[in-house]
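I set out to record what I looked up in one structure, topic by topic.

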Amino acid sequence: MNNRVSAAKQTGNVLVLGRDIRAFLSVVRSLGRASLSVHVGMSPPDDLALKSRYIKQVHDIPEYDPTSSGWLDTVIDLTQRHKFDLIIPTHDESAIPVQIFRDELTKYTKVYSLGERAFEIAFDKIKSSELAESLGIRIPHQAAVSLEALQDGLPNGFSFPIVIKPSSSYLSDDLGTRREVVTATNPAQLNDIVPKLQGWDIALIQEHFAGIGTGVEVLVNDGEIVFAFQHIRVHEPRGGGASSYRKSLFPIDQELYMATEALMRQMSYTGVAMVEYKVDPSTGDWIFIEINGRFWGSLPLAICSGADFPRLLYEQIVFGNVLQIPPPPRGDVYCRNIKRDLYWAIDNLKDRFSERPSRFSVPLRTVMGGYFRLLTFREHIDSFARDDPAPAVTELREVIS
């Protein structure tokens, strides 16, 4: 244990790229607690995470532009001046340029990036679904179709509701536009949605699977899982998207773990990943959804549960291996994103009291009952940490105002 403490506590400089109070802030806090000097960049000046006491310096790094060398030149210059041990991207807008320029960047420091094949699969919903299917992992009824074909209606064999996904959330030559997953519940809604999906070309359509979102999060070294964690969504948007309230699970579901292990081995994956599934609690049936090849939005829950993935990743990359595997993470830990969860509650209350509640409407007791645990102080909040309260105080002021 002493070797691990002395090694992980060495003074070093790390550059963390990103924004928001979920993955980005969690990485900053984790590495700061390990006594590393944390520098950050690509962060909006009003970002709540910048209030963290663990940030040593904020750098003005331009957004990546494929027509300019500004992003790469700035990152290399900062790396040479501050002698960073590691560069960690925490959102797609930083992960993609780090991946593009990893050969240039690794001349100056270590970077967190994926192997070429792992990146191509993890950042492409169609390719990751095809890989899952080839391994016998359950996937929903789905098809990759051209946007032109979708204008004529659903392909034969499909029925509403359907989920429409882009192959990837961002294109490398347009990181300013996020392509969102959307849901269509009837032909009229589909006709309204399709013209808005500019630049997609190919879309992945999936029949809706009634279930609860769950993620198996892993640290992997050359296809072998080093450490794993699982969470389940308690509150998630009716139309899809990031969850606002989650719970840790232990022990990890073995079927989902084995599916995750098969995917990681097939990709010879090295790094962190969150593999997302949907589980029907009434039947136990489940399906694969996608692979997130960077730090994920529910990372605050993992860290609160004892799964300190940022620190483990730092050790694996900088020291060559995880110096000591931590004990298994705790189950039944809850963590909430206050601002997102208020939006979730308002959205569901509006739907519940509308003249025609949707088929995904959440019972009123579920909407209101979820806040009892918050009032009893038996859960965690994404932005709050006792040793770093400023981001949460700022967020609370924004919510009140």
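My entries on this structure follow.

**Entry 1: aromatic pairs**

I worked on a predicted model. I describe a pair of aromatic rings by the distance of the centres and the angle of the planes. My count came to ten aromatic pairs. I looked up Trp71 and Phe101, which form a stacked pair with 6.0 Å from centre to centre and 20 degrees between the planes. I then asked where the two partners of this pair lie in the chain. Trp71 belongs to helix α3 (residues 70-82), while Phe101 is in the loop between α4 (92-100) and α5 (102-105), so I noted a link between distant parts of the chain, 30 residues apart. Both Trp71 and Phe101 are buried.

I next took Phe295 and Trp296, whose ring centres are 5.8 Å apart.

**Entry 2: charges over rings**

I looked up two arginines placed over tyrosine rings. Arg336 has its charged end over the ring of Tyr245, 3.8 Å from the centre. Arg53 lies over the face of Tyr54, and I recorded 4.7 Å from the ring centre.

Is Ser94 buried or exposed? I found a relative accessible area of 0% for Ser94, which is below the 20% limit, so Ser94 is buried. I placed Ser94 in helix α4. With neighbours within four places in sequence set aside, Ser94 is in contact with Leu17, Met42 and Pro89.

Met42 lies in the loop between β2 (37-41) and β3 (55-59), and its relative accessible area of 3% makes it buried. I noted a phi near 65 degrees for Met42, a positive value in a residue other than glycine.

**Entry 3: further backbone points**

I kept in mind that most residues other than glycine have a negative phi, and most peptide bonds are trans. Lys83, which is not a glycine, has a positive phi of about 55 degrees. I located Lys83 in the loop between α3 and β4 (84-89), and at 61% relative accessibility Lys83 counts as exposed.

I recorded a cis peptide bond between Phe160 and Pro161, with omega about 0 degrees. Pro161 is in the loop between α8 (147-150) and β7 (162-166). The peptide bond from Phe250 to Pro251 is cis as well, with omega near 5 degrees. I found Pro251 in the loop between β12 (245-249) and α10 (254-267).

**Entry 4: cavity and pocket**

I found one cavity of 30 Å³ or more. The largest cavity has a volume of about 60 Å³. Its lining includes Pro89, Ala95, Phe119 and Arg294, and α4 gives the largest share, three residues. By class, I listed seven nonpolar, three polar and one charged residue in this lining.

The second largest pocket holds about 480 Å³ of space. I noted 20 lining residues, with Cys304, His380, Ile381, Phe384 and Ala385 nearest the centre of the pocket. Which element gives the largest share of this lining? I found that α2 does, with seven residues. The lining of the second largest pocket has ten nonpolar, three polar and seven charged residues.

Methods. Residues are numbered from 1 along each chain as its sequence is written. This is a predicted model: local features need pLDDT of at least 70, side-chain atom pairs count only at pLDDT 80 or more; totals for chains, interfaces and linings use all residues. Side-chain values use heavy atoms; hydrogens and water are left out. Rings of Phe, Tyr and Trp (its six-membered ring) pair if their centres lie within 6.5 Å; planes under 30 degrees apart count as stacked, over 60 as edge-to-face and the rest as tilted. Helices (H or I, at least four residues) and strands (E, at least two) are DSSP runs, numbered from the N terminus. Buried means under 20% relative accessible area, exposed over 50%, partly exposed in between (1.4 Å probe, protein chains only). A charge sits over a ring if NZ of Lys or CZ of Arg is within 6 Å of the ring centre and within 35 degrees of the ring normal. Contact means heavy atoms within 4.5 Å. On a 1 Å grid over the protein atoms alone, a cavity is a set of points where a 1.4 Å probe fits but cannot get out, and a pocket is an open set with protein on both sides within 12 Å along at least five of seven lines; lining residues have an atom within 4 Å of a point. Grid points are joined across faces, edges and corners, and a volume is the space filled by probe spheres set on the points. Ala, Val, Leu, Ile, Met, Phe, Trp, Tyr, Cys and Pro count as nonpolar, Asp, Glu, Lys and Arg as charged, and the others, Gly among them, as polar.
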